[in-house]
Amino acid sequence: MSERGAWLRVARPLGLLALFVLVIRGMPERARPATPPEDCEFPTESTDVPRLERCLAVHPDDVEIMLDLAKTHETAQRWDRAEALYRRALETDPDDGDAHARLGALLLRRGDLDGAAREAAAALALQPGNPSVQALIDRARRAPDGSAP
């Protein structure tokens, strides 16, 4: 009986360990968190919309990804999507001068002179002396029909 008792003392923990390993391997999504896609480590400067959207889902507060994705939508003339992303970036970081400037340029292109001037002024306040922002303000003042000269 002592041999049997000794065997049970060894077999019971081994059995529990084997059961644990089987459960862990059988349910990997519950046992290990999903790792972010490898291509999201340095997603900026990309024009791959699916990749940028996937990275934004993984990093929902990353303003740089928002700006890159918005620029890509803007290039493809998806103005509403670009504007929504610029505004989302500004909700995340209201002090991002680039986001204000890009939104201002987009609003100017769309004919919203007041919105463009307001965003350009916000950008200039955050980036004093920025010549491209000053040029945006000048274009907003000169463009009677909202078209960028």
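Trainee: How do you know how many of the contacts in the protein join residues at least 24 apart?

Mentor: Among contacts between residues at least 6 apart in sequence, 38% join residues at least 24 apart, where contact means heavy atoms within 4.5 Å. Bear in mind that this is a predicted model.

Trainee: What makes up the protein, in terms of helices and strands?

Mentor: The protein has 8 helices and 0 strands, and from the N terminus on its elements run α-α-α-α-α-α-α-α.

Trainee: Why are helix 4 and helix 5 called roughly antiparallel?

Mentor: Helix 4, residues 63-75, and helix 5, residues 79-92, pack at an angle of about 165°, with their axes 8 Å apart. Angles over 145 degrees count as roughly antiparallel, and the two helices are therefore roughly antiparallel to each other. Their crossing is left-handed.

Trainee: Which residues make the contact of helix 4 with helix 5?

Mentor: On helix 4 they include Val-63, Met-66, Leu-67 and Leu-69, while on helix 5 Trp-79, Ala-82, Leu-85 and Tyr-86 are among them.

Trainee: How do the residues of that contact divide into nonpolar, polar and charged?

Mentor: The contact of helix 4 with helix 5 holds 10 nonpolar, 2 polar and 4 charged residues. Asp, Glu, Lys and Arg count as charged, and the contact includes Lys-71 and Glu-74 of helix 4 together with Arg-81 and Arg-88 of helix 5.

Trainee: What share of the protein is called buried?

Mentor: Buried means under 20% relative accessible area, and buried residues make up 32% of the 149 residues. The accessible surface comes to about 9,900 Å², of which 55% belongs to carbon and sulfur atoms.

Key. Residues numbered from 1 in each chain as written. Predicted model: local features only at pLDDT ≥ 70, side-chain atom pairs only at ≥ 80, totals over all residues. Heavy atoms only, no water. Axes fitted to C-alpha atoms, helices over the stretch in contact; angles between N-to-C directions. Helix = DSSP H or I, 4+ residues; strand = E, 2+ residues; numbered from the N terminus. Parallel < 35°, antiparallel > 145°, perpendicular 65-115°, else oblique. Left-handed = near helix turned anticlockwise from the far one by under 90°. Buried < 20%, exposed > 50% of the residue type's maximum accessible area, 1.4 Å probe, protein only. Areas by Shrake-Rupley, 256 points an atom, 1.4 Å probe, with all protein chains shown as cover.
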